Every structure is written in C-alpha cells, then in structure tokens.
Amino acid sequence: MAIVTQVNSPDTTAPAEIKTTFSSEEIQKMLPHRYPFLLVDKIINYVPEKLAVGVKNITVNEPQFQGHFPERPLMPGVLIVEAMAQVGGIILKQLPGFEEGLFVFAGIDKVRFRRQVVPGDQLVMTAELLWIKQRRFAKVQARAEVDGQLATEGELMFSRIN
C-alpha cells in the first residue's frame, strides 16, 4: 500500500497526488543503467527531495554468480554499493533542475558490510539525501537490509556531469 501525500495544484482546487512508488519501467526512464547493471527492481517508497526505498531481488541466474562464487554464490559488495547508489540516483534525478545530466560517484565513505547477500534474498535499500552543494555535488546516507537485518551501510557522494 503506497502512502500518498496531497498538495494543492496551482491551476485547480483539486489535490494532486505525489507519486511514492515506481515500477521497473519508470526507473528506466530516470536512470541510464540497463541489464545487467540496472540493480533496482522497484521503488516502494519515495519522499521527494528526501528519501527513496528500493528493492532488488537477488536471483541465482545473475551473471556475477558465474564467477562469484560458483559453489557458494555471494552478491559482490561493490554491486550492493552500486545498487544503493542507484536508489540514491532516484532522489537526485527528480530534484528540481537536476533532471538532466549524469550523476557519478565522487566518493564512498564509511561503507561497512555486515551480512552476506545470497540468491533468494530480497535486498531492501534506503537512501536519504544528506546535502547538495553548488548544484553539483550531493551526499546520501544509504543502507541495505535483508529480512530486516543490516547487510551494508555507508555514505555515497555524487558529482553531476553534463
């Protein structure tokens, strides 16, 4: 069930709904990533200019598991961080005036891996916008959980390039 916040639209007295969830197709309109590097299946909660919560279903047929590791498949930590960054990108791409351009990593701080992520898990990632500077740099606090247990957390910094 999506929570919808209502605001008054300037040209009508009827309230307008703010979208709080996004499908895979809608995510692909916002992010440039594609298979096999699109690592967010859906957004289950979105608060404009503040927060996004995304889901990645981990399946054994993903290409990274052919070599990481065939007898004991583990989601590589760098892909978990990338998935959290993509959730952060959903916030950034919808900020007023930020719709154009590409956001790339500018820094990765305080990242810690707390739990293994394996096929069959559902990774729930939360990204909260911490700050924006000079309309070019941004930082988000991100965390990824499986079954309510913290798997990964850290601060992700972005730079906007045109």
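Student: In β8, which residue is the bridge partner of Phe 137?

Tutor: This is a predicted model, in which local features need pLDDT of at least 70, side-chain atom pairs count only at pLDDT 80 or more, and totals for chains, interfaces and linings use all residues. Residues are numbered from 1 along each chain as its sequence is written, and side-chain values use heavy atoms, with hydrogens and water left out. Strands (DSSP runs of E, at least two residues, numbered from the N terminus) pair if DSSP finds at least two bridges between them. Strand β7 (residues 137-146) runs antiparallel to β8, with ten bridges joining them, and the partner of Phe 137 in β8 is Ser 159.

Student: Which residue in the turn of the β7 and β8 hairpin has a positive phi?

Tutor: The hairpin formed by β7 and β8 has two residues between its strands. A positive phi of about 50° is found in the turn at Asp 147.

Student: Which residue in β8 stands opposite Leu 102?

Tutor: Strand β5 (residues 102-113) pairs with strand β8 (residues 149-161) in the antiparallel sense, over nine bridges. Opposite Leu 102 stands Ile 161.

Student: What share of the 162 residues in the protein is buried?

Tutor: Buried means under 20% relative accessible area, with exposed over 50% and partly exposed in between (1.4 Å probe, protein chains only). By this criterion, the buried share of the 162 residues is 41%.

Technical notes
Helices (H or I, at least four residues) and strands (E, at least two) are DSSP runs, numbered from the N terminus.
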